[in-house]
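Got a structure open and wondering how anyone decides what to call its parts? Let's go through the labels one by one.

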Amino acid sequence: MARSCLAVVLAAGDSTRMKSDTSKVLHCVGNRPMISHVLDAAQSANVDAVALVVGRDAEAVAAVAGESGLPVSTWHQRERLGTAHAVLAAREAIGHGYDDILIIFADTPLVTPRTLAAAREALAKGADVAVIGFRTDRPDGYGRLIENDGALEAIREHRDTSEQERTIGFCNGGLMAVNGAKALALLDQVGNDNAKSEFYLTDIVQIAREAGGRAVAIEASAEELIGINTRVELAEIEQIWQSRKRRSLMLAGVTMRAPETVFLSHDTLIEADVTLEPNVIIGPGVTIRCGATIHAFSHLEATIVGAGCSVGPFARLRPGARLHEGAKVGNFCEVKNAEIGQGAKVNHLSYVGDANVGAKANLGAGTITCNYDGVNKHFTSIGANTFIGSNSSLVAPVTVGDNAYVASGSVVTMDVEADALAFGRSRQTNKPQMATRLRQRNLAEKERRQKSAEQNAGATKG
């Protein structure tokens, strides 16, 4: 029979070391708030509900947590009196009779569902408390997990350890699971007789043992339990997260020429045989189909790139861009809220916004869809097999029909019917010998200015 589980997620910290106007748990890893990563892990560990303990930015934190899909209740910690005090802010939720209580920090976005599930499994096997720890060669400053014959005897703070205990490399990660039937009884016995007069959650290990219960330690990787308090730690976590994501994609068949220079988002979807060249940045909402190539220094966001497409280098695909199979967006191009049809080409130095480009259309260098009139956006429709000459401006709203041809340098302000040739430029006039006379006039003017400057300098000197 499945065991029920409540996750108590602690998110009430003041975030003072982050030096931010925003709660640290709303800062992003992989373009997603770190608390959302924690809640994803909890959901994958089959948590039934979340008791969210909040303080600063309570409404904003609760709103993000509510997007998790889990039932979330919010509890305010009015004073900061220690971790056990924070957990007891959710007393009412804990008392609803769950089999397991998971206690998780909202600033540990790398924790995995497997680790949380392992802690729950320990409770299913009879433990009253399962503490999640990690091993390190540099344990100074961490509480040590003191084990004996497979049981956890105590969590000893670094300042309280003996010389022998200080050699222990198994350290407390802070997260734990507690038997739901005993959780409130254990938490209510935690005292604050210590230097800081705070109620420490770690004390329930000893309390449970003294009551005849059993505590165990679950080992996780050290990086899973890294908490974020500063911008430096946020960057370190981002680096670890990006490395995980890159590795996963490469193992799934994606080629990255210089993976350390590619940056991905939490929801990035990339199929096999895609190539990502160096210095590619992928924002939220991007899907790249098989066989596509994203050339160097390109930026994509909220975009679908079809199979076999080519993007960049130095291209920007903004939200709403959709490239169909075999389409090409060349170097120094920008596409926004536009469909580029199968096999169509948007060549270098072009902007296509609020538009539809038909299959096998060719947009020459410098093609611009003039979509904004200063107040409203307007749509441009470019038909299949059209040819738009270089340096053309299409002033929306405008439609260019299938198989049409727009001459280079045109400013198109009227619809162009299918199969038509459009000229949108003034007639060229050539004036024989005018270039020579113009050049001579300009040179004479230059000489006059130089002489005048010399005379003025001489007069000043005299």
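Here are some questions and answers about this predicted model.

Q: Why is V352 called buried?
A: Buried means under 20% relative accessible area. V352 comes out at 0%, so it is buried. You'll find V352 in strand β24, residues 351-357.

Q: What makes V335 a contact of V352, given that the two are 17 residues apart in sequence?
A: Contact means heavy atoms within 4.5 Å, and V335 is on the contact list of V352 once neighbours within four places in sequence are left aside. The C-alpha atoms of V352 and V335 are 4.8 Å apart. Other contacts of V352 include A338, I340, V346 and L363.

Q: How do you know whether E165 is buried or exposed?
A: Its relative accessible area is 15%, and the cut-off for buried is under 20%. So E165 counts as buried. E165 is in the loop between β7 (151-156) and β8, where it touches R144, I146, R156 and D160, not counting residues up to four places away in sequence.

Q: Why are K19 and D149 called exposed?
A: Exposed takes over 50% relative accessible area. K19 has 70%, so it is exposed, and D149 has 75%, so it is exposed as well. K19 is in the loop between β1 and α1, while D149 is in the loop between β6 (144-148) and β7.

Q: What is the phi of K19, and what is the phi of D149?
A: For K19, phi is near 50°, a positive value in a residue other than glycine. D149 isn't a glycine either, and its phi is positive at about 55°.

Q: How do you know that the buried residues of α2 line one face of the helix?
A: The buried ones are A58, V61, V64 and A65, in a helix that runs over residues 58-65. Looking down the axis of α2, these buried residues fall within an arc of 135°, so they line one face. They pack against β1 (5-11), α1 (34-44), β2 (49-54) and β3 (72-76).

Q: Which residues have the most contacts inside the largest nonpolar core?
A: I35, L52, L102 and L116, in a core of 48 residues. Helix α1 gives the most to this core, with 6 residues. As for L116, setting aside neighbours within four places in sequence, its contacts include A41, A42, L102, I132 and L175. Apart from this core lies another, of 46 residues, with V262, V329, C333 and A338 among them.

Q: What lines the largest pocket?
A: There are 50 lining residues, and the closest to the pocket centre are R17, T83, F105, D107 and N229. By class, the lining has 19 nonpolar, 18 polar and 13 charged residues. The elements that give two or more residues to it are β1, α3 (83-88), β8 (170-179) and α8 (231-251). The space in this pocket is about 1800 Å³.

Notes
Residues numbered from 1 in each chain as written. Predicted model: local features only at pLDDT ≥ 70, side-chain atom pairs only at ≥ 80, totals over all residues. Heavy atoms only, no water. Buried < 20%, exposed > 50% of the residue type's maximum accessible area, 1.4 Å probe, protein only. Helix = DSSP H or I, 4+ residues; strand = E, 2+ residues; numbered from the N terminus. Arc of directions from axis to C-beta. Core = buried A, V, L, I, M, F, W, Y, C linked by side-chain atoms within 4.5 Å. 1 Å grid on protein atoms, 1.4 Å probe; cavity = no way out; pocket = protein on both sides within 12 Å on 5 of 7 lines; lining within 4 Å. Points joined across faces, edges and corners; volume = space filled by probe spheres on them. Nonpolar A, V, L, I, M, F, W, Y, C, P; charged D, E, K, R; others polar.
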